[in-house]
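Subject: Structure handover

Hi,

Here is the structure I promised to pass on.

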Amino acid sequence: MRKAMKLVMAASVVALVMSVTITPATAVAGDVEEGKVIAFDRQKGNCLACHAIEGGSLPGNIGPPLVQMKSRFPDKAKLRDQIFDPTRNNPNTIMPPFGKLDLLTAEELRKVVEFVYSL
Amino acid sequence: MRKIGSIVVAGCLLGVAASTFAAPEDDLKSLQKFYKERFPDLKQDEYVNGVYALDAGLREQWQAIEDFPPYEMDIDEGKKLFETPFKNGKTYGSCFEKGGISIAHKYPYFDAKTGKVVTLEQAVNDCRKTNGEEPLPWYKGKIAQIMSYMNFTSRGNVIKVDIPNDAARQAYEQGRKYYFARRGQLNMSCAHCHIDNAGRRIRADLLSPAIGHAAHWPVYRSDWGAVGTLQMRFDGCNKQVRAKAAAPQSDEYRNLEYFITYMSNGLPLAGPTSRK
């Protein structure tokens with residue numbers, strides 16, 4: 001257990017160091033799970049309002065289902081851009097600019113990106 | 001992928017509609033055409049039924065509710081209020097043409113004297129003031145009951161909002177601007193939900209088209225536990241996008257009501273009714 005903790009800590013230190021040099025930051029253990037909670041939270045991402053996402057009930061159908069994200073977005077930074085400010089890709093989009101308008105903090109956004117990238 | 005394509009196309013279409021300074025008749029025609037393409041089988045008069053015009057399952061549930069209308073008592077109560085004389089002996093009827101019966105479809109209208117849009121609720125409260133009575137609180141309660149009765153006597157009358165002059169045209173444009181402007185923390189416009197995405201679902205809620213939106217008020221909602229007015233619904237939708245509501249009967253809301261009622265021109269009044 002202690003060993004595992006150490007490993008996670010080591011990983012996050014590495015991630016921290018790496019995030020200075022490369023964006024988007026490398027995933028930290030637990031990001032996908034935490035990102036999912038944020039994405040599904042009505043007060044946070046509320047992504048299910050518009051997107052079908054595996055594991056979410058009663059999704060809306062305003063946006064496309066979020067599937068095969070790695071092949072849709074080989075470049076993770078482009079995926080982040082879409083969530084940060086979708087108006088750059090489509091000026092009239094209904095999708096809220098989660099990063100630009102601070103609907104999610106930088107940390108939350110990073111985790112949501114990891115979650116979506118895992119779909 | 002096809003889906004995304006069509007969303008983008010709809011967006012562009014309305015982007016154009018929102019930026020050009022089209023005549024109101026052309027606005028209405030292009031909106032009708034837009035919905036006609038999206039809902040080819042939907043008959044014009046069905047638009048007054050909102051989402052129940054779009055989904056057979058929802059419609060069935062709704063019709064079961066309408067068999068025992070939850071607003072029936074409000075019509076009766078509204079009639080009583082409407083007919084009860086003020087302290088000075090006069091009644092509401094004295095303030096309106098035809099004694100206030102079968103006239104709801106003429107509201108809102110543009111008053112050339114004040115240079116403002118007048119809604120039916122306002123006309124009722126103005127009538128109270130003229131007769132030395134305190135105005136009623138907006139949205140819910142007695143005012144919505146009086147609205148229920150007045151609209152009930154006007155059921156089936158065809159909406160024909162007029163834009164008589166340049167000042168009225170400006171009020172219309174203000175309302176239209178409000179409809180297409182992004183607002184709230186979530187940065188969405190009324191048009192995003194009710195035009196671009198009409199017929200789609202936001203979470204579990206089907207989105208109704210803007211045409212017909214002004215034709216069936218007041219509405220009983222279990223959420224409200226009462227009948228409420230159109231402008232009360234504006235507040236609800238503003239809250240969904242975490243936007244600040246405008247004040248009841250403010251210029252913003254009156255102009256917005258003017259615009260959306262114009263978009264219901266040609267439809268028969270169908271209020272009061274019930275909604276989820």
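A quick definition to start: a residue is called buried when its relative accessible area is under 20%, exposed when it is over 50%, and partly exposed in between, using a 1.4 Å probe and protein chains only. This is a predicted model, so local features need pLDDT of at least 70 and side-chain atom pairs count only at pLDDT 80 or more, while totals for chains, interfaces and linings use all residues. Residues are numbered from 1 along each chain as its sequence is written, chains are lettered from A and ligands numbered from 1 in the order written, and side-chain values use heavy atoms, with hydrogens and water left out.

**N125(B) and its helix**

N125(B) counts as buried because its relative accessibility is 1%. It belongs to helix α5 of chain B, residues 120-130 (helices are DSSP runs of H or I with at least four residues, strands are runs of E with at least two, and both are numbered from the N terminus). Leaving aside residues up to four places away in sequence, N125(B) touches P135(B), L136(B), W138(B) and I143(B), where contact means heavy atoms within 4.5 Å.

**Pocket and cavity**

Both terms come from a 1 Å grid over the protein atoms alone: in a cavity a 1.4 Å probe fits but cannot get out, a pocket is an open set of points with protein on both sides within 12 Å along at least five of seven lines, and lining residues have an atom within 4 Å of a point. Grid points are joined across faces, edges and corners, and the volume is the space filled by probe spheres set on them.

Helix α5(B) gives the most to the lining of the second largest pocket, with 7 residues. That pocket holds about 300 Å³ of space. Its lining has 19 residues, with Y109(B), V118(B), Q122(B), A123(B) and D126(B) nearest the centre.

**Between the chains**

In chain A, 24 residues are in contact with 22 residues of chain B. The two chains bury about 2,000 Å² between them, 50% of it on carbon and sulfur atoms (buried area is the accessible area, 1.4 Å probe, that two parts lose on being put together, summed over both). N61(A), I62(A) and I94(A) supply 29% of what chain A buries against chain B, more than any other three residues.

Cheers
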